[in-house]
Amino acid sequence: MFKKTALAAGIGLALSATAQADYRFEADAGISGGDISSITLGGTAYLMPVDDTKGPLGEAAFIDQASSLSVFYADGETDVDSANDIELESYGIGGRYVTKESGGWIVDLAYQRDEPGGFEVDNYSIGVGKYLWDTTTLVFSYGNSDADVGGDVDSYRLDLDHLWIFENGGGLKLHGAYGVTDIDDDEEFSDNDDVDVYELDATWYICKNFGIGAGYSNTEDAGEELEQYIAYAEYFITDSVSVGLAYTEAEVEDTDFETDSYVFQVSARF
């Protein structure tokens, strides 16, 4: 009941928003199904009004080099095995500060608490980067995950994003990332246990209001590879209201393990 009520509230908020040339706040609600079912609520506040007239609406904050503060909450469960469903709960806060008038330097800070199946994992991260050009960013991040069982691990990540803007207001966004999680070398683990992550995705904005995309990620741990594929689309009904749909499939190479899920999301800007 909570999931249906929360989603209905999100849709109502979206439909009540009016079109505008810029915005200061963004709210979204999402619901997922498949092997992972959940409800997600989130919001973002921007330090200054975001100009959404420079290119694809879905990239307005990126194009405008906006500083922001975001929060989210997610509640759900895995449905891979009905006899062993795992409750999933996450919440967090994050922010990005951009020195827009003095070189486009970027500072990212984030905290997230995950509670899978009654366990607790605290995740902290800090990132430093720069707008190399008006629509190109490079960010290096450090993260630490501390679990109430199993200790903590450090991770490092490099993200590169570039957006081409077309004359019709559409564009092409490319994203690539490489990350590594450093597992301490002790009696239980060896250097071979370090986890490598590769990501690549692209979004084609056919026009200002509509974008479609696809992505691939590979997580390699001790010779085993988890591959994930995603396809998604987002359509702005007005300049301030959007709906989105995504489908994700994940599988461990050379095994029978495979999961899939889909997400429907609505967002409103005001």
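The model is predicted, so local features need pLDDT of at least 70 and side-chain atom pairs count only at pLDDT 80 or more, while totals for chains, interfaces and linings use all residues. Residues are numbered from 1 along each chain as its sequence is written, and side-chain values use heavy atoms, with hydrogens and water left out.

**The whole chain**
- The chain holds two helices and 14 strands; these are DSSP runs numbered from the N terminus, with helices being H or I of at least four residues and strands E of at least two.
- Among contacts (heavy atoms within 4.5 Å) with a separation of 6 or more, 46% come from residues 24 or more positions apart.

**Strands β12 and β13**
- Strand β12 (residues 224-238) runs antiparallel to strand β13 (residues 241-252), and 12 bridges join them; strands pair if DSSP finds at least two bridges between them.
- Here Gln228 stands opposite Ala250 of β13.
- Two residues lie between β12 and β13, which form a hairpin.

**Strands β13 and β14**
- Next, β13 pairs with strand β14 (residues 258-269) in the antiparallel sense, over 11 bridges.
- Glu249 has Asp260 in β14 as its bridge partner.
- This pair is also a hairpin, with five residues between the strands, and Asp254 in the turn has a positive phi of about 65°.
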